[in-house]
Amino acid sequence: MTDTVNTSSIASVALINQQRPTSRTATPNWFEAFASAWGNALNNQADKVVQQADLIGDQGDDSPSTITLLTAQSLRLSFLSNSAQSSIDAVGKGLETTARKG
């Protein structure tokens with residue numbers, strides 16, 4: 001359970017930023033890269049929830065430990081989702097405030 005939004009996810013912001021097509025804008029948009037890194041973290045966690053659910057649905061492993069692990073993975077996805085929304089909202093509001101002062 002040590003898989004969170006780690007430094008490799010956040011470090012990928014720069015990599016994503018470099019890989020974006022430049023036809024849309026001339027300057028890199030780090031805000032989109034930031035949101036994309038959160039999206040990748042959410043996708044990874046959603047995959048874990050699906051894998052855990054498959055143990056129950058496809059393989060019939062409905063033991064209390066398997067169900068508890070599914071619950072934990074689902075709650076973790078919910079936590080990450082709330083954290084992503086909060087951080088993206090906070091950064092967006094900060095950018096909005098900066099734009100008004102500029």
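Residues are numbered from 1 along each chain as its sequence is written, and side-chain values use heavy atoms, with hydrogens and water left out. As the model is a prediction, local features need pLDDT of at least 70 and side-chain atom pairs count only at pLDDT 80 or more, while totals for chains, interfaces and linings use all residues.

We can start with the helices (DSSP runs of H or I, at least four residues, numbered from the N terminus). Helix α2 covers residues 30–57 and helix α3 residues 64–101; the two pack at an angle of about 170°, and their axes are 9 Å apart. Here the axes are lines fitted to C-alpha atoms over the stretch in contact, and angles between N-to-C directions run from 0 to 180 degrees. Helices α2 and α3 are therefore roughly antiparallel to each other, a label given to angles over 145 degrees. Their contact comprises 21 nonpolar, nine polar and two charged residues. In this division, Ala, Val, Leu, Ile, Met, Phe, Trp, Tyr, Cys and Pro count as nonpolar, Asp, Glu, Lys and Arg as charged, and the others, Gly among them, as polar.

Turning to the rings, the structure holds two aromatic pairs (ring centres within 6.5 Å, the six-membered ring being used for Trp; planes over 60 degrees apart count as edge-to-face). Tryptophan 30 pairs edge-to-face with phenylalanine 31, at 6.3 Å centre to centre and 90° between the planes. Tryptophan 30 also forms an edge-to-face pair with phenylalanine 34, at 6.5 Å and 65°. Both tryptophan 30 and phenylalanine 34 lie in helix α2, four residues apart, about one turn of the helix. Together, Trp30, Phe31 and Phe34 form one aromatic cluster. Buried means under 20%, exposed over 50% and partly exposed in between, with a 1.4 Å probe and protein chains only.

Finally, a search of the whole structure finds two salt bridges (a side-chain nitrogen of Lys or Arg within 4 Å of a carboxyl oxygen of Asp or Glu). Lysine 93 bridges to aspartate 89, with the closest N and O atoms 3.3 Å apart; both residues lie in helix α3, four residues apart. Aspartate 89 is partly exposed at 34%. Arginine 100 forms a salt bridge with glutamate 96, at 2.3 Å between the closest N and O atoms. This pair is also in helix α3, and its four-residue spacing amounts to about one helical turn. Arginine 100 is exposed at 64%, while glutamate 96 is partly exposed at 40%.

Methods. Angles under 35 degrees count as roughly parallel, over 145 as roughly antiparallel, 65 to 115 as roughly perpendicular and the rest as oblique. Rings of Phe, Tyr and Trp (its six-membered ring) pair if their centres lie within 6.5 Å; planes under 30 degrees apart count as stacked, over 60 as edge-to-face and the rest as tilted.
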